[in-house]
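Here is a quick tour for anyone meeting this structure for the first time. Have a look at the model, then read on for its core, a helix, a loop residue and some charged pairs.

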Amino acid sequence: MRAVVQRVTSSSVDSEGARVGAIGRGFCVLLGVTHGDTEADARWLADKIAGLRVFEDENGKLNRSLVDVGGAMLIVSQFTLYGDCRRGRRPSFSEAARPEQADALYEKFVACVRSRGIPAETGVFQTMMTVNIVNDGPVTLIIDTPEREKES
């Protein structure tokens, strides 16, 4: 799994002209799923992002996590994170998981985040969305799950 994590002061997502999710302070997470990803990957990634210490403490140091600051996550599925642009001008998306696998792992990731007591809003899977991000810092991180034997 791959996540682009942006620390935000606010973020929202619209689908088909309607607001479907919005948060204040926290993370906007763009989430991609590839072949062989598992529920263990979803749990690992949710733990990793929930524990990121990228919010300032009283001394201005990046020492506080999302839980520490009472933040939320806006989680948006984005298969294009697995777009391969090395050849030609049109990206190949062959590394992105099939929609049925991607949706199940996206939902597992969201459930893992919520189980940690973090408020989570979502987009609408497999729709065109407009994501509004007010990046704070800016702080933007790209996180991939560890390489390990993946089930096919």
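A nonpolar core, as the term is used here, is a set of buried Ala, Val, Leu, Ile, Met, Phe, Trp, Tyr and Cys residues joined through side-chain atoms within 4.5 Å. Keep in mind that this is a predicted model.

## The nonpolar cores

Let's start inside. The largest nonpolar core has 31 residues, and the members that touch the most others are Phe27, Val29, Ile49, Met73, Ile75 and Phe109. Helix α3 gives the largest share, seven residues. There is also a second, separate core of ten residues, with Val4, Cys28, Leu30 and Leu81 among them.

What does valine 29 touch, leaving out residues up to four places away in sequence? Its contacts are Ala3, Val4, Val5, Ile49, Met73, Leu74, Ile75, Val76 and Phe109.

## Helix α3, side by side

Helix α3 is 17 residues long and spans 24 Å from its first C-alpha to its last, close to the 24 Å expected at 1.5 Å a residue. Its buried residues are Ala102, Leu105, Tyr106, Phe109, Val110, Cys112 and Val113. Look down the axis of α3 and these buried residues fall within an arc of 160°, so they line one face of the helix.

What covers that face? The cover over the buried residues of α3 includes β3, α1, β6 and β7. On the other side of α3, Glu100 and Ser115 are exposed. Just after the helix comes glycine 117, which takes a positive phi of about 80°.

## Serine 65, a tucked-in loop residue

Serine 65 sits in the loop between β5 (62-64) and α2. Is serine 65 buried or exposed? With a relative accessible area of 8%, serine 65 counts as buried, because the cut-off for that is under 20%.

Who are its contacts? Not counting residues up to four places away in sequence, serine 65 touches Ala50, Gly51, Leu52, Arg53 and Phe55. Serine 65 and leucine 52 are 13 residues apart along the chain, yet their C-alpha atoms are separated by 5.4 Å.

## Salt bridges

The model has nine salt bridges. One of them pairs aspartate 136 with arginine 7, with the closest N and O atoms 3.3 Å apart. Aspartate 136 is in strand β8 and arginine 7 in strand β1, so this pair ties together parts that are 129 residues apart in sequence. Aspartate 136 is partly exposed at 22% relative accessibility, while arginine 7 is buried at 3%. Salt bridges with shared partners also join Arg7, Glu56 and Asp136 into one network.

Another salt bridge brings together the side chains of arginine 116 and aspartate 47, at 2.3 Å from N to O. This pair links distant parts of the chain, 69 residues apart: arginine 116 lies in the loop between α3 and β7 (120-122), and aspartate 47 in helix α1. Arginine 116 is partly exposed, at 28%, and aspartate 47 is partly exposed too, at 41%. Finally, glutamate 100 forms a salt bridge with arginine 98, where the closest N and O atoms are 4.0 Å apart, and both residues are exposed.

Conventions:
Residues are numbered from 1 along each chain as its sequence is written. This is a predicted model: local features need pLDDT of at least 70, side-chain atom pairs count only at pLDDT 80 or more; totals for chains, interfaces and linings use all residues. Side-chain values use heavy atoms; hydrogens and water are left out. Buried means under 20% relative accessible area, exposed over 50%, partly exposed in between (1.4 Å probe, protein chains only). Helices (H or I, at least four residues) and strands (E, at least two) are DSSP runs, numbered from the N terminus. Contact means heavy atoms within 4.5 Å. The expected span of a helix is 1.5 Å times one less than its number of residues. The arc is that of the directions from the helix axis to the C-beta atoms.
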